[in-house]
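Please have a look at the structure first, and then read on.

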Amino acid sequence: MSRALGAWMLCAFAGVAQAQVSPEALDWLRRIYLATERLSYTGTFVYQQGDRTETSRIARRAEPAGSVEKLEVLDGSPREVVRTRDEIRCYLPASQTVKVDRRRDQRSFPALLPAQVATLGEHYDISMDETGRIAGYECQAIVLAPRDALRYGYKLWADVQTGMLLKARAFNRNGETVEQFTFTQLEIGPVPRERVRPRVVARTWRIEQAAVSPANLAQAGWTMSADLPGFRKVIEITRMLRDAQPVGQVVYSDGLAAVSIFIEPLAGRAETPQMGLASMGAVNVYTREVANHLVTVVGEAPAASVQRIGNTVAYRPTQ
Amino acid sequence: MKARISAMMDGELAAHELEEPLSAIASDREARESWRTYHLISDALRGDAILSASCARRVSQRLAQEPALIAPLPGAVRAPERPRWFVPSALAASIAAVAFVGWVALAPQRGSAPAIVPAPLAQAPQAQRAAEPPRVPVTSATQDYLFAHQAFSPRNSLQGMAPYVRTVADETVQRKK
């Protein structure tokens with residue numbers, strides 16, 4: 001009864017037609033979130049995007065003091081990403097580089113919180129779909145179908161027992177897959193500490209620190225906007241990128257997809273980057289020049305959306 | 001004063017005599033108007049009429065769009081200091097000075113374009129906006145942005161670390177492309 005009332009209120013509040021958001025499906029999204037937060041597991045998954053197919057191993061060790069996770073790509077050069085409570089380290093053996101992104105506090109890494117799940121219904125139709133087996137687990141499929149062409153749709157398969165996400169597919173407006181993650185093997189249960197430690201010895205590698213700090217780009221004369229319904233500004237920072245180049249970053253999100261705008265001076269660059277649009281799976285990257293600065297927009301959204309956000313960026317000098 | 005401005009334009013004044021007409025142009029509206037008119041006349045006589053009509057305004061507009069601090073003039077001889085990020089310095093001293101040095105400031109920002117570009121300056125960004133952007137390849141620089149972006153993706157909340165696989169494309173493969 002209360003669930004039905006909640007759904008009704010949600011529909012009334014968001015001003016959407018009723019029965020587009022299944023309360024049961026919303027519950028499933030919350031279960032997936034909690035499983036991602038709480039479970040310990042090791043597994044192997046395949047990432048598919050265009051003609052790129054890569055197998056990776058993932059391990060997560062839930063600890064009271066903060067969980068540790070490790071991703072290790074098994075094809076090609078052995079790249080690793082390790083996430084602890086405080087930072088994310090990305091180990092790139094081919095260039096002997098460690099990229100470090102330090103988290104100042106949890107809030108600076110906005111998450112899709114259970115409380116926010118309901119607001120997804122403003123821009124996605126959320127429904128239950130088929131059940132089926134993936135990597136030996138009985139799974140329930142949930143579909144998030146966008147109400148407009150501004151975002152991608154998602155189909156998620158979660159373990160009926162634990163809520164663990166076994167498969168995720170992003171699709172475009174024609175229903176074509178743009179990106180897919182599929183577990184081929186998964187073991188849920190305690191994970192020894194060494195499974196989440198970096199395998200490489202990177203003592204002599206070059207370290208690139210992100211050095212994130214809050215910023216106010218508007219004060220410096222920059223204007224920009226999400227320009228897409230449902231996308232709101234999440235955070236505004238400056239950070240270091242590559243060779244200690246300070247870069248402004250503004251992130252917009254509709255609760256599920258996120259788009260970042262990066263702004264940095266073009267002056268002093270060794271080579272001028274190519275301006276235009278690059279795509280890799282569900283991520284589109286749009287670069288343009290504004291007032292002698294390089295504007296790079298990166299987002300898990302269709303090219304036209306990423307481009308639209310990028311085109312709002314303008315510079316007016318402050319007095 | 002008009003006579004002195006005219007004389008200055010014709011190159012008839014000595015260096016020490018320049019300050020008076022220049023400061024008049026900077027401070028006095030009428031003098032500035034004369035300066036513009038004389039240029040218009042001389043351009044018209046040379047059959048170059050398009051240039052002066054609103055060039056000063058266009059140069060000012062263009063300069064106004066430039067970030068004053070992090071976009072130094074090409075070939076500026078200042079020692080390479082690290083630019084202070086997003087703190088624009090004061091704009092050029094006065095409109096007159098801007099108009100005067102504008103010809104130089106407008107010089108090509110990158111390489112080949114001629115020093116004086118006539119009409120489409122103000123419209124250029126608008127025109128680019130409408131066009132379909134060219135397709136460009138994914139580079140290692142793209143991975144840096146992806147890594148910086150990924151931490152803010154709400155999908156991490158549903159998928160844990162898995163989406164980070166996007167941010168670590170195989171460098172060895174990319175180099176061959």
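## Two hairpins around one strand

In the hairpin of S19(A) and S20(A), 2 residues sit between the strands, and A:Ala291 takes a positive phi near 50°. Strands here (E, at least two residues) and helices (H or I, at least four residues) are DSSP runs, numbered from the N terminus. S19(A) and strand S20 (residues 293-299) of chain A run antiparallel and are joined by 7 bridges; two strands pair if DSSP finds at least two bridges between them. Opposite A:Glu289 stands A:Leu294 in S20(A).

The hairpin of S18(A) and S19(A) also has 2 residues between its strands, and there A:Gly281 has a positive phi near 60°. Strand S18 (residues 276-280) of chain A is antiparallel to S19(A), with 5 bridges joining them, and A:Met280 faces A:Val283 in S19(A). Strand S19 (residues 283-290) of chain A is mostly covered, with 7 of its 8 residues buried. A residue is buried if 20 or more other C-beta atoms lie within 10 Å of its own, exposed if 12 or fewer, and partly exposed in between, with C-beta atoms placed from the backbone.

Residues are numbered from 1 along each chain as its sequence is written, and chains are lettered from A and ligands numbered from 1 in the order in which they are written.

The mean pLDDT of chain A (pLDDT is the predictor's confidence in each residue, from 0 to 100) is 88, and 90% of its residues reach 70 or more. Over residues 10-19 of chain A, pLDDT stays under 50, and the model has 9 contacts beyond four places in sequence for them. Two residues are in contact if their C-beta atoms, placed from the backbone, lie within 7 Å. Where pLDDT is low, the predicted coordinates should not be read in detail.

## The sheet and its helix

Chain A has 4 helices and 21 strands, and 45% of its 319 residues count as buried. An open sheet of 12 strands, with mixed pairing, has the order S7-S8-S9-S10-S11-S1-S2-S3-S4-S5-S6-S12 (chain A). Strand S7 (124-134) and strand S12 (206-209) of chain A stand at the edges with a single partner strand each, so one side of each is left without a neighbour in the sheet. From one strand to the next, the twist averages 15°. Within this sheet, strand S9 (residues 153-159) and strand S10 (residues 165-171) of chain A run antiparallel, joined by 6 bridges, and A:Tyr154 has A:Ala170 in S10(A) as its bridge partner.

H2(A) lies across S7, strand S8 (137-146), S9 and S10 of chain A, at about 65° to S7(A); axes are lines fitted to C-alpha atoms, for helices over the stretch in contact, and angles run from 0 to 180 degrees between N-to-C directions. The buried residues of H2(A) include A:Trp28, A:Leu29, A:Ile32 and A:Tyr33, as well as A:Arg31.

## Meeting chain B

Chain B has 10 helices and 0 strands, and buried residues make up 26% of its 177 residues. How many residues of chain A are in contact with chain B? There are 76, and they touch 52 residues of chain B. On the chain A side, these residues divide into 44 nonpolar, 22 polar and 10 charged. Ala, Val, Leu, Ile, Met, Phe, Trp, Tyr, Cys and Pro count as nonpolar, Asp, Glu, Lys and Arg as charged, and the others, Gly among them, as polar.

How values were computed:
Predicted model: local features only at pLDDT ≥ 70, side-chain atom pairs only at ≥ 80, totals over all residues.
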